[in-house]
Each structure stands twice: as C-alpha cells, then as structure tokens.
Amino acid sequence: MPPATADIRMTWPMYHRNQCEVDGRVVQLSVQEADILSLLLASRGQTVTLPSILHALWPNPDREPESAEAVIYRVIYMLRRLLGPGVIFTVNKGLTSPSGYLIPRPGE
C-alpha cells in the first residue's frame, strides 16, 4: 500500500464543528463524514471493519436503517472526494464487498 499523500488531522474542536484539516486547508464535513473520519483517524494504521463503523454510527441495531451499508459506502466516497487520493484505503478480504477501511499512519 502506498503511503498517504495528504497530511490530515482532526482535533476535538474541529470534530465538533464537523471539520478537518488537509494539507493546511480546512474542509467542512457532514456529521456522518466527521463521525466516520474521526473513527478512521483514531484507528490510524489499522483496518476499521464495516460492522465497527455500523455500530459506531448506530449503536442500537433497532435504529439502524436498512440502507446503512449503502450510507457508509456513500460517505466514504464523499470523504475520498473531499480529502483527495491516497488517504482512505479499502481493505478487501472477500470478493464481493469491502471488509473495512484504513488510513495509514504517516510514513507507512
């Protein structure tokens, strides 16, 4: 896997404003984008599985929408457009769907 090409950070106040910083520029995010990005950044260098993301967004399975996986795929797509290439990687362990996502540690 190639190293991340962007310097990305999200502080606690930025998270509460639904923002992150990419190569020195502030990027405005949706609530779900900020939630997923903070989860990926907190686990930087480790694969965050789809079930983990689902549980983080909807801790109560009874409140999870039927289209929850599609929502996550769409949010990841939007994050990639906002953050640029080489920031979020898909980890595939199966043939039909991603098993998780990863933001490499700097220099990895």
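The model is predicted, so local features need pLDDT of at least 70 and side-chain atom pairs count only at pLDDT 80 or more, while totals for chains, interfaces and linings use all residues. Residues are numbered from 1 along each chain as its sequence is written, and side-chain values use heavy atoms, with hydrogens and water left out.

Starting with the big picture, the protein has four helices and six strands; here helices (H or I, at least four residues) and strands (E, at least two) are DSSP runs, numbered from the N terminus. Along the sequence, these elements follow the pattern β-α-β-β-α-β-α-α-β-β. Of the 108 residues, 39% count as buried, where buried means under 20% relative accessible area, exposed means over 50%, and partly exposed is in between (1.4 Å probe, protein chains only). Among the contacts with a separation of 6 or more, 49% come from residues 24 or more positions apart, a contact being heavy atoms within 4.5 Å.

The strands go into sheets as follows, with two strands taken to pair if DSSP finds at least two bridges between them. Strand β2 (residues 19-22) pairs with β3 in the antiparallel sense over four bridges. Within this pairing, Cys20 sits opposite Val27 in β3, and Glu21 faces Val26, also in β3. The two strands make a hairpin with two residues between them. Asp23 is in that turn and has a positive phi of about 50 degrees, despite being a residue other than glycine. Asp23 is also exposed, with a relative accessible area of 53%. Asn18 is another non-glycine with a positive phi, here about 55 degrees; Asn18 belongs to the loop between α1 (12-16) and β2.

A second open sheet of three strands runs in the order β4-β6-β5, again with antiparallel pairing. Here β4 (48-49) and β5 (89-91) take the edges with a single partner strand each, so one side of each is left without a neighbour in the sheet. Three bridges join β5 to strand β6 (residues 100-102), and the two run antiparallel. Thr90 stands opposite Tyr101 in β6.

On to the helices. Two packed helices are described by the angle between their axes and the distance between the axes. Axes are lines fitted to C-alpha atoms, for helices over the stretch in contact, and angles run from 0 to 180 degrees between N-to-C directions. Angles under 35 degrees count as roughly parallel, over 145 as roughly antiparallel, 65 to 115 as roughly perpendicular and the rest as oblique.

Helix α2 (residues 31-42) packs on helix α4 (residues 68-83) at about 80 degrees, with the axes 10 Å apart, so α2 and α4 are roughly perpendicular to each other. From α2, the contact uses Gln32, Glu33, Ile36, Leu37 and Leu40. On the α4 side sit Val71, Ile72, Val75, Ile76, Met78, Leu79, Leu82 and Leu83. Sorted by class, the α2 and α4 contact has eleven nonpolar, one polar and one charged residues (Ala, Val, Leu, Ile, Met, Phe, Trp, Tyr, Cys and Pro count as nonpolar, Asp, Glu, Lys and Arg as charged, and the others, Gly among them, as polar).

Asp35, Ile36 and Leu39 of α2 meet Ser52, Ile53, Ala56 and Leu57 of α3. That contact divides into five nonpolar, one polar and one charged residues.

Finally, Arg44 lies in the loop between α2 and β4. The C-alpha atoms of Arg44 and Ile103 are separated by 5.3 Å, although these residues are 59 residues apart along the chain. Neighbours within four places in sequence aside, Arg44 is in contact with Ile8, Ile103, Pro104, Arg105 and Pro106.
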